[in-house]
Each structure stands twice: as C-alpha cells, then as structure tokens.
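Hello,

Here is the structure for your files.

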2 protein chains.
Amino acid sequence: MGIAERKTKEKTELKALILAAARGLFLERGIEETSIRNIAEVIEYSPATIYLYFKDKDEILHELHSQGFQEMGSRMRELMSVSDPMERLKELGRVYLEFARENTEMYDLMFIAKAPMHFLEKMEEHNWSEGKVAFDFLLNTVEECIAAGRFAGHDPCGLSFMIWSCVHGMVALEIRDRCKGISNENPDIIFRGAFDAFIKIIDVL
Amino acid sequence: MGIAERKTKEKTELKALILAAARGLFLERGIEETSIRNIAEVIEYSPATIYLYFKDKDEILHELHSQGFQEMGSRMRELMSVSDPMERLKELGRVYLEFARENTEMYDLMFIAKAPMHFLEKMEEHNWSEGKVAFDFLLNTVEECIAAGRFAGHDPCGLSFMIWSCVHGMVALEIRDRCKGISNENPDIIFRGAFDAFIKIIDVL
DNA sequence: AAATTTACTAAACAGTGTTTATTATTTCCA
DNA sequence: TGGAAATAATAAACACTGTTTAGTAAATTT
C-alpha cells in the first residue's frame, strides 16, 4: 500500500498547508478580513481546490479553533505539577489570561467567533469536546479545593462556570474593544486591577 | 420655516424606518444574515437610498447599539430607588442578565459585535460613551458599598470591572454557544448555579 | 416659467463563499 | 505496455455582499 500511503500523506500535507496559510492571514489581517481566495493565493492553488480538502470555511475555522485548544491545553497541563489546588486554580486563571492576551485572534476563534460552533451544528455534533476538556480541568481543580475544605456552600459546577465567566468576560470585553474610555487610566491598569480583585476573592472564599 | 421643518422631520422619519426594519430583520434572522438589500426591500426603497441616511452599515449597527443602551439604561435607572447599595448591586446583576437573555441579539450588538466599535474608530471617537455611562452606574454603586464599609481592600474600579466581566462572561459564553455539552444538565441550571455563586460571593465580600 | 436644489434609483464595481463542468494527471488492470 | 478508470486541480459561473456613480424625476426657489 505504498501509493495509497503517499496519497493520504499528501492529502494531510496540503490540508496542513491550507491551515497554516489561513492562520498566518488571520494573525496579520484578522479573521473576517481573510477570504478563501486570499488563502488560495498564498498557497498558490485555486480557490476551488480548498473545497476538496475542507467542506467549507467554517470547517477551516473549526480546525484552527481545535489547534488553539491543543496549544492552550498543553499550557494548562503544565499546571498539573502544582499540587496545592488553590495555588493551581490561581495559576490557571493567570495562564488563561496570559494565553488569551498573547493570542487574541486564536482566543476569539476559540471562545467568541460563531463559525466553529456553526460547523459543529452542521455536523449534528452537539458536544463541544474541546470546551468540555478545558472546563473539566477547571472543574476538577475546584472540586479538589472543595475537598480541601474551601468554597463552603458552593456548587462546584456553578462556581467553576462563574470563575470561567469571570476571566472570559475580561478578555472578551478587551478583545471586542469594550474597555475604551471606561477608565481614564491605562486600559492595562484596569485589567490588572480586575485580576487582583479576582485573586483576592478566590483567596477569601 | 415650514418646509425645511417638514423636510427634516421626513428625514428623521425615514432614518427611524430604516432602523426599525434593520432591527426587525436582526431579531428574526440574526445580524450577519441581514443585508442592506434586505433592509431596503422591507422598507420598499432602493439600497442606495439607505446610504443617503447612513454613512455605512456600521453606522446603522452603531445606532441600534445605542438604542439598546437606552433601553437597558431605563431598566437600570429603575434601580435607583433601591437605597441599600449592596441590594442595588445584586439587583443590577439580575437586571443585567435578564436584559441580556431577553434581548440576545441586541446584547450581542452592544457588547460583542465589532461593527459598532469600528464605527467609533472611523469617526475618530475614542470614547465609548454608552459603555461609560453604564459602567459608571455600576462603579457608583460599588463605591457606595465601599463607603458603607464593604469590599475592604478592593480598588473600586478594578472590582467593578471584575463584576462586569463576570456577568458579561456568562451571557457572552451562552450567546456564542460555548455552554453546549459543558454539563450534562440543562444549560439553564449551570447558568443559575453560576449566578447563585455570584450572589454568594458578593454577599460574603 | 425657468433654474436650482432635493430625493431617489438603476446599474455597475469589486469583493465574498461555493458549485459545476472541464481538463490534465496519475494509477490500475488486462 | 496500452487503454480504462480514478484522482487532482482549475476556470468559470452563480448568487450573494457592501458601496459608489451617474442619471432621472420631483419639489422648491427665484
């Protein structure tokens, strides 16, 4: 099966090439400003060729969204070495915000853009597996904190979702430009102040 | 000045008609699925006419975003009658979430969509006045709580932004479909659980 | 009544995602 | 090895999108 093997290899290679080109254009020009034709031009293929490798544009965006989760996941897994769950929880918040602010376009794709979820719906896939894996990491940490006697009276799932909402809210507001003119100070300062408040609250809970 | 008066009245009337048509289409078909041509068809004018009343599509979206803030603002002002700042803060969270979930398309326009902010940038307007008014209402309430001896050790601005992020995060995740498959339970239950956690934390702070 | 301003639109431009029909190439099998 | 079958790639078209331009008809002013 030497030929079939080479064929599938070429297939995945061109697929990867398309994704790399798409990602490059996203990072330098933004998601909505890059078209299938732009991607085709970069990789020097016709636009129609892209449709031999991906069902539609949403599938490309979903694939890149998954790449983002892989990268964020590997950063999160590094925190498994932190044994104290409270410490790990705070580090998780820090790493999450760090990833989001260093990879705004990717974060947008992962947690804000509609396209990746539209793709799931079209596939009749009702489970957002990437999101669930990440959420469960948070949930497990929160449950460990509860087992260690913290967060008395809180439902682990509800509290985890609240914590996630909190950090997501910060970056979502910043990414979509809702911090402009909120404070007279540097927008970075209000961000830091909010994260400080977050840490203080986690500590006191 | 009878004629000129009538002219300006007609002008604002057609402007309002365009906005009403746009809003109607948004609510029933979504923002990205409605085009200038769709709006023109509803009001039975040519697409080009719309450009005599609005600079571009972003201006229409910005105008509707402002309408949304007017409506949310009037709901928030009702809470001025609540004298206890802690009670008012919690009610503010409840009203915010209620508005967001009853007007998802409007909320999206106000706090998630890029278009209204793109319009501000094109106008070289660096202050998001609608957002600032709403944020200041929250900030004032938080400052009153601090004056009443609560939230010790917290910076009012940072804490306000954190509270805002928290409630925004919840609805933003839901609106952009990031709650699917997170929990086995009804997505409504996790939402309620998160809000319960929010209230508990505010109370204990 | 003629000139001018205003209100509106048909048609075009340059772009978008996507599909279809066609061509060139490669692989398979007799 | 030569002809049939399968694969890979594309040019061109379709039905859209936001927006601009040039031109027409009506209302207003002089």
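**Domain interface**

Between domain 1 of chain A and domain 2 of chain A, 5 residue pairs are in polar contact, both at pLDDT 80 or more. (A polar contact is a pair of N or O atoms within 3.5 Å; within protein, one must be able to donate a hydrogen and the other to accept it, and residues adjacent in sequence count only if both atoms are side-chain atoms.) This is a predicted model: local features need pLDDT of at least 70, side-chain atom pairs count only at pLDDT 80 or more, and totals for chains, interfaces and linings use all residues. Residues are numbered from 1 along each chain as its sequence is written, chains are lettered from A and ligands numbered from 1 in the order written, and side-chain values use heavy atoms, without hydrogens and water.

The domain assignment, automatic or from a database, gives domain 1 (1–54) and domain 2 (56–204) of chain A. 14 residues of domain 1 of chain A contact 12 residues of domain 2 of chain A (heavy atoms within 4.5 Å).

The rule finds 1 salt bridge across this interface (a side-chain nitrogen of Lys or Arg within 4 Å of a carboxyl oxygen of Asp or Glu). Arg23(A) pairs with Glu71(A) in a salt bridge, with the closest N and O atoms 2.8 Å apart.

**Arg88(A)**

Arg88(A) is buried, at 8% relative accessible area (buried means under 20%, with a 1.4 Å probe, protein chains only). Its side chain makes a polar contact of 3.1 Å with that of Glu144(A). Beyond neighbours within four places in sequence, Arg88(A) contacts Leu79(A), Val82(A), Ser83(A), Thr141(A) and Glu144(A).

Best wishes

Technical notes:
Buried means under 20% relative accessible area, exposed over 50%, partly exposed in between (1.4 Å probe, protein chains only).
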